[in-house]
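Try each task before you read the steps under it.

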Amino acid sequence: MKHWIPVKCHVETVEGFSAHADWQAVLRWLGGLKTTPKKVFTTHGEPEAAEAMAQHIRDKFGWNVEVPRYEETVEL
C-alpha cells in the first residue's frame, strides 16, 4: 500500500556545473608540459567523452592518445 508522506524540502538544480576542468582547460594544462609524453591515456567519463577528449589532444598536439577499454591492462 502506498502512502504519501509530506516532506519539507526544496530541490535546487545547478546546470552546467562541473568540479572538473573543461576540455579547453585540460588542453591549456597539457600545453604547459616541458616534454612531449610518449603516450597519453584519457580515462575519465563515459567512453564517448573520453574519446572526444583524446581527439582534442590529437588535433592540438598530434600526440599518441589512447582510450583504454574497461579492465584493459597496459604495460608501461
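Predicted model: local features only at pLDDT ≥ 70, side-chain atom pairs only at ≥ 80, totals over all residues.

Task: work out what covers the buried residues of H2.

Solution. 
- The cover includes helix H1 (23–31), strand S1 (40–41) and strand S2 (65–66). Helices (H or I, at least four residues) and strands (E, at least two) are DSSP runs, numbered from the N terminus.
- Residues are numbered from 1 along each chain as its sequence is written, and side-chain values use heavy atoms, with hydrogens and water left out.
- The buried residues in H2 are Ala-50, Met-53, Ala-54 and Ile-57. Buried means under 20% relative accessible area, exposed over 50%, and partly exposed in between (1.4 Å probe, protein chains only).
- Looking down the axis of H2, these buried residues fall within an arc of 100°, so they line one face of the helix. The arc is taken over the directions from the helix axis to the C-beta atoms.
- On the other side of H2, you'll find Glu-48 and Asp-59 exposed.

**Checking the helix length**

Task: how does the span of helix H2 (residues 47–61) compare with what 1.5 Å a residue predicts?

Solution. 
- The expected span is 1.5 Å times one less than the number of residues in the helix.
- With 15 residues, H2 should span 21 Å, and its end C-alpha atoms are 21 Å apart, which agrees.

**The core**

Task: which residues make up the largest nonpolar core?

Solution. 
- Start from the rule: a nonpolar core is a set of buried Ala, Val, Leu, Ile, Met, Phe, Trp, Tyr and Cys residues joined through side-chain atoms within 4.5 Å.
- The largest one has 8 residues: Leu-27, Leu-30, Val-40, Met-53, Ala-54, Ile-57, Trp-63 and Val-65.
- H1 and H2 each put in at least two residues, and H2 gives the largest share, 3 residues.
- For some background, nonpolar side chains tend to be buried together in soluble globular proteins.
- Pick Leu-27 and list its neighbours: setting aside residues up to four places away in sequence, Leu-27 touches Met-53, His-56, Ile-57, Lys-60 and Phe-61. Contact here means heavy atoms within 4.5 Å.

**A buried threonine**

Task: is Thr-42 buried or exposed, and what does its side chain reach?

Solution. 
- Thr-42 sits in the loop between S1 and H2.
- Its relative accessible area is 9%, so Thr-42 is buried.
- The side chain of Thr-42 reaches the backbone oxygen of Ala-50 at 3.0 Å. That's a polar contact: a pair of N or O atoms within 3.5 Å where, within protein, one must be able to donate a hydrogen and the other to accept it, and residues adjacent in sequence count only if both atoms are side-chain atoms.
- Beyond neighbours within four places in sequence, the contacts of Thr-42 include Met-53, Val-65 and Pro-68.
- Val-67, in the segment after S2, contacts Thr-42, Ala-50, Glu-51 and Ala-54, again leaving aside neighbours within four places.

**Aromatic rings**

Task: how many aromatic pairs does the count come to?

Solution. 
- Rings of Phe, Tyr and Trp (its six-membered ring) pair if their centres lie within 6.5 Å; planes under 30 degrees apart count as stacked, over 60 as edge-to-face, and the rest as tilted.
- The count comes to 1 aromatic pair.
- Phe-61 and Trp-63 have ring centres 4.3 Å apart and planes at 20°, so the pair is stacked.
- Phe-61 is partly exposed at 24% relative accessibility, whereas Trp-63 is buried at 12%.

Task: what is phi of Glu-71 near?

Solution. 
- Phi of Glu-71 is near 65°, a positive value in a residue other than glycine.
- Most residues other than glycine have a negative phi.
- Glu-71 lies in the segment after S2 and counts as exposed at 66% relative accessibility.
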